[in-house]
Amino acid sequence: MRTFLLSLLLALPSGALAEQPHKSGEVVIERGSVELEPGTRVNYEVGTLYVPESRRNPKSRLIGVGFARLKAPRPTGAPPVFWLPGGPGLSVLGSLLDDDAAGKGRLRSWLNFGAVGDLVVVEQRGYTRRGEMLEASTVASPLDRPLTVKEDAEAMRALARRAVAENPDKDLSGYDISELAADVDAVRRALGYSKISLFGGSFGSQWSLALMRLHPETVVRAVLSGVEPLNNGYDMPSHVFGALQRIAYDADRDAGLAPYRPEGGLMEAVRVLHRRFAAGPVRVQVRDSAGRSQTVVLGAEDLQLAMNSHTQEGEQWPAFILSLYHGHYEDWARDVMAERAAGKSKLIGPLIDSSLGVTAEREHQLRTDAAVAMLGTWNFEANIASASDWPTRDMGDALRKPVSSAIPVLFVHGDWDTSTPIDNTLGLLPYFPNGHVIQVHRGGHDGPFYLLRNEPAVKSAVYEFLKTGKTAGLPNEVTLPVPSFPLPSFAPPGAATKASAGTPTP
């Protein structure tokens, strides 16, 4: 059960709130409580900050940016922690507003920040429960031929043009990372804080780095995980492939996977698949959600895309690769069927990514990287090709290139992370002389406290760093146990089958 009190507006009649004109910088706050456990209630504030859609346009309309605040049980003297969600396009205020188990789990983690100070969570303009959630329809891709990077890039260009045409009342040029950083600073001012600390993972780390670049005088310290530097929105293929090789090292020593592995191990299976699909596409018969038989045609570039998109959970990846190696394509084909279907796309992602882009030097490295042969150019081609179609401005190399910063930053990064490879952090560290890295062996693309789930003393040290800046108790490396690797969904092949592996099962 939740209770709400609308600050400053309690006397208004029903429906009057929607009629009230807002001013730039105005904040409307609802105070409420949620029962986390029987007998345990958590008080919170959920607010809307009204800001210009484009601060460069003096006649810009106002939009809402949502935020939440959980005040510390008692004053600590430490600056508040501003927690910036990832994505782009991750809305988290449902943790307070919706009654579900996932939200309560996130809320429990938020309460731990009370030992540091106040916690403020800021959502992203264009995808916030307290404002607008901008989306556009996507067009289905055909199933009767392989998908290509070129087609994907053209589809992104068409999406950009359609998004502009479908939103004539909106100034989509206002959805870049500098505006998101300015929103956070506006929330800080509205709540009366002079200084803040930052906590962010994945895009939340990139958002934090933009804030440290554009508003450095307000940031005391930061904890970042799954780090995405401002010039690394598109991952270097060899860095992703290196993470896959580290996963393969442990998978090649797993007894359960042994009957499925070819001689030469998991990376040999990858090489065999690369040669197999280079020779021609594969046709796979599967049934759709309505039970109808469908033929999905999968080609060499589909395989490259799968090598990018089926790697989020490191322990799941070996079974996926070994299933394909033995010619079991059905589960993959069902995933592709869903991916090629028409749907909805969050606009905030490509608006930000195409605007931030990369330097010409990094684009050259991306395109000439040795692992492009295995992973293709899926990670960056569509955004680079469509950059001129999206209305957000080019942020420029002055923002993209790293510069030295004295702000103390704790980086926590897993070396199994295929979404933001650990090389991102290692390359950024020299620019932070007061930085500290915890490398988490076998850690994936997770938040710092999940990466440190087996290290309660280290977790406590992270909270202490956020509170005081002290680094005592922070290790340089943490090793997670070898995971239990799931097996493929079919029985291990016999000796005869294994000897002839490398040709698809009829």
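This is a predicted model: local features need pLDDT of at least 70, side-chain atom pairs count only at pLDDT 80 or more; totals for chains, interfaces and linings use all residues.
The largest cavity is lined by V270, L273, H274, L303, Q304, M307 and M374. Two helices, α8 (266-278) and α9 (300-309), each supply at least two residues of that lining. About 50 Å³ of space lies in this largest cavity, and the structure holds one cavity of 30 Å³ or more. By residue class, the lining of the largest cavity divides into five nonpolar, two polar and no charged.

Residues are numbered from 1 along each chain as its sequence is written, and side-chain values use heavy atoms, with hydrogens and water left out. On a 1 Å grid over the protein atoms alone, a cavity is a set of points where a 1.4 Å probe fits but cannot get out, and a pocket is an open set with protein on both sides within 12 Å along at least five of seven lines; lining residues have an atom within 4 Å of a point. A volume is the space filled by probe spheres set on the grid points, which are joined across faces, edges and corners. Ala, Val, Leu, Ile, Met, Phe, Trp, Tyr, Cys and Pro count as nonpolar, Asp, Glu, Lys and Arg as charged, and the others, Gly among them, as polar.

Now to the second largest pocket, which holds about 580 Å³ of space. Its lining has 23 residues, and W83, F199, D446, G447 and P448 are the closest to its centre. Two or more lining residues come from each of β5 (81-84), α3 (101-111), β8 (196-201) and α18 (448-451). The lining of this pocket divides into 10 nonpolar, 10 polar and three charged residues.

Stepping back, the protein chain has 20 helices and 15 strands, taken as DSSP runs (helices H or I, at least four residues; strands E, at least two) numbered from the N terminus. Its C-alpha trace spans about 80 × 55 × 50 Å along the principal axes. A compact globule of 506 residues would have a radius of gyration near 23 Å, and the chain agrees with its 24 Å; the radius is taken over C-alpha atoms, and the globule rule is 2.2 Å times the number of residues to the power 0.38. Among contacts (heavy atoms within 4.5 Å) between residues at least 6 apart in sequence, 76% join residues at least 24 apart. Buried residues make up 54% of the 506, where buried means under 20% relative accessible area, exposed over 50%, and partly exposed in between (1.4 Å probe, protein chains only).

Several loops deserve a friendly look. P88 sits in the loop between β5 and α2 (94-97), and a cis peptide bond with omega of about -5° joins G87 and P88. D100 is in the loop between α2 and α3 and is partly exposed, with a relative accessible area of 31%.
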